[in-house]
Amino acid sequence: MKRKDKILQNRIFLVLIIFFVLFLFNYMNKKNFQETVESDSFKTVECSMRYAEKYLMSLNNAEQEGQIIFQPDVSVILVSKGNTFELNKLVTDQEHSRYVQTEFLSIGKGKDLLNIPQTKANQYALKDDNHQLRTFIALSSKVGDDVLIVSKNVSHYKTFIKNSELLFLGLLIASIIMITIYTIHQRRYFYSPIEELTDLAYEYSENNFSHHKETTSNDMIGHLETAINKLGKVLETNSLMNKRERELMTHIYDSLDIGIIYVTKENIVFPFNVEGKDYYTAFIKSDDQEKRIKDSYRKLIHEAIVNKKNSHMEVQQNHLIYDLEFSPVASLTGVVIFIKDITSAKQLLSIREDLITNVSHDLRTPLATIQGYSEAIKDDIAETIQEKNEMAQIIHEEASQMNHMITRLLEVSSIKAGESTVNKKPVHLAEFFNGVMHRFSQTLKSEGIQCELEIAYNISYFSMDADKMHRVFYNLIDNAIKYAADPRTRESRFIKITVNFDGLIDELFVTVSDNGIGISKESIPYIFERFYKDDKARTKPKTNGSGIGLSIVENIIKEHSGTISVKSLPDVGTCFMIRLPLLDDTIE
Ligand SMILES: Nc1ncnc2c1ncn2[C@@H]1O[C@H](COP(=O)(O)OP(=O)(O)OP(=O)(O)O)[C@@H](O)[C@H]1O
Ligand SMILES: [Mg+2]
């Protein structure tokens, strides 16, 4: 039952009790009074009757008249031979006496009194309360032929009843008014403040501290208001602190590049921070509504809980490598898993290893050649001047190759460090591409490779950093020549450059394709990484690549907000596709 209903029920109950007590009191009072009055009156009448009989007999015996004095409130009437005589000369209620003599004895029950048989006489009593409000008690007796009637008016008892009813009504109204006043008072000073305080307490429990209740009195309710107010303020302060702490902790956890997930002892996974949310799907069973961790990790989780020790694990998922640290939380009998994506770190490690291997290998080879030929010149091994010149030429070429490598290394590190800036200017595309191709004219001629340029009619100028873009296409053409197919396997070897402008999306689309040796499917995702070389290319003699070119290309394209992608089939050919967005109005 609700609190309000209960209060209402109590009030109704109280009102009913008060009404019941009042009614009972009234009833008992009336009843008691009636009985007392009736019995007293009867006794008086009975007594008077005996006196009257005696008196009558004394009259008959010729004793002296008037010796007996009746009580003044009884009427003593003698009916003798049809005539009525008032024996009590002192009767106070003359009206009553007259009524009995004239009206009462001439009708109904009153008339019967006169006809009572001798045997029943002296006993015949009558209570009359029919005649208006007049109520009286009458007794009759037969003395010889005469009938003696003694009666007493008890109508004042009716008046009392009437008065007591009025009193009862007054009390009833007074009690209703008092109950109403009491209810209003209770409601105003007791229930309403308690209800408000209850609502306030609920608000506080829901972390809503926008309301307070001022102390309105110095009583029990006032003390309760003060206590709730203090409680609210303490809770508000704590909640504010907790909120700030929580926000701070959430911020810290979310800014970590480590994913944190929590696994309960029932193996249910909960992500703890943003990174954790990104990672955790890789660790839960697929299609598991309960989000339970995969079986392969359960052993480690169990061990971490039992041994109460952190443990590590390295896993590979979807081409990514993760380092997992299982840290048991003894009080919660669960395990926190710290997930770190170490793919780049691992790659960096392998790149570093590759770098050392490649650089030492690629520098040692020309160095050894330089050393050998320089010693030969020093020892005068060359027999002819021409032979000596050839040796010097080889030394020069090898030194140039080393220089090329070192320049590349510096170049790529400067781009990665963000030192370079893009200096965009409108570039005439036909001039630009012809310029790049011209640098390879001798090589193309000696290698017998055809190089073709095709520029769409709708574009002639495009805004870009000409120097940097020169490096991009230089590298791509250099690769196409370096990784050209064996002439014996091709009727003709070619390189084709196409330039188009997509007016719908304002984008320059350039392709550089060849029919060279192609790139293996496994290597394609990695060729833009620094120092990466396809194994097939490594085995190709005379390539002397350092695996840096495409990483420079990709960085420059990114600096132009563009994209580069590749399509290649081993022993068929390769096609690099570059998309450059038009960022200003330099198109003509
Ligand atoms: N056109 C191509 N045909 C076949 N393989 C290619 C082609 N272009 C690039 N590759 C492959 O991609 C790898 C990376 O190329 P990248 O230009 O980065 O390095 P590199 O040419 O070996 O050395 P660098 O350009 O630094 O002198 C190459 O080693 C080669 O295996
Ligand atoms: Mg290259």
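How many residues surround ligand 1, and which are the closest? In this predicted model, the ligand is surrounded by 23 residues, of which Y483, D534, S546, G547 and L550 are the closest; a residue is counted when one of its heavy atoms lies within 4 Å of the molecule. Residues are numbered from 1 along each chain as its sequence is written, and chains are lettered from A and ligands numbered from 1 in the order in which they are written. Because the model is predicted, local features need pLDDT of at least 70 and side-chain atom pairs count only at pLDDT 80 or more, while totals for chains, interfaces and linings use all residues, and side-chain values use heavy atoms, with hydrogens and water left out.

The shell around ligand 1 comprises nine nonpolar, nine polar and five charged residues. In this division Ala, Val, Leu, Ile, Met, Phe, Trp, Tyr, Cys and Pro count as nonpolar, Asp, Glu, Lys and Arg as charged, and the others, Gly among them, as polar. At least two shell residues come from each of α9 (385-416), α12 (466-482), α14 (549-559) and β17 (573-581); helices (H or I, at least four residues) and strands (E, at least two) are DSSP runs numbered from the N terminus. Helix α12 provides the largest share, four residues.

A polar side-chain atom of D514 is 3.0 Å from a nitrogen atom of ligand 1. On the backbone, a polar atom of G549 lies 3.0 Å from an oxygen atom of the ligand, and one of L550 lies 2.8 Å from an oxygen atom of the ligand. The protein covers 99% of the 590 Å² of accessible area that ligand 1 has on its own, as given by the Shrake-Rupley method with a 1.4 Å probe.

Elsewhere in the chain, strand β5 (residues 146-153) runs antiparallel to β4, to which eight bridges join it; strands pair if DSSP finds at least two bridges between them. Within this pairing, L139 has V150 as its bridge partner. Two residues separate the strands of the hairpin, where G144 adopts a positive phi near 65°.

Strand β1 (residues 74-80) also pairs with β5 in the antiparallel sense, over six bridges, and L78 stands opposite L148. Eight of the eight residues of β5 are buried, so the strand is largely enclosed by the rest of the structure; buried means under 20% relative accessible area with a 1.4 Å probe, protein chains only. In β4 (residues 136-143), seven of the eight residues are buried.

Definitions and conventions
Buried means under 20% relative accessible area, exposed over 50%, partly exposed in between (1.4 Å probe, protein chains only). A polar contact is a pair of N or O atoms within 3.5 Å; within protein, one must be able to donate a hydrogen and the other to accept it, and residues adjacent in sequence count only if both atoms are side-chain atoms.
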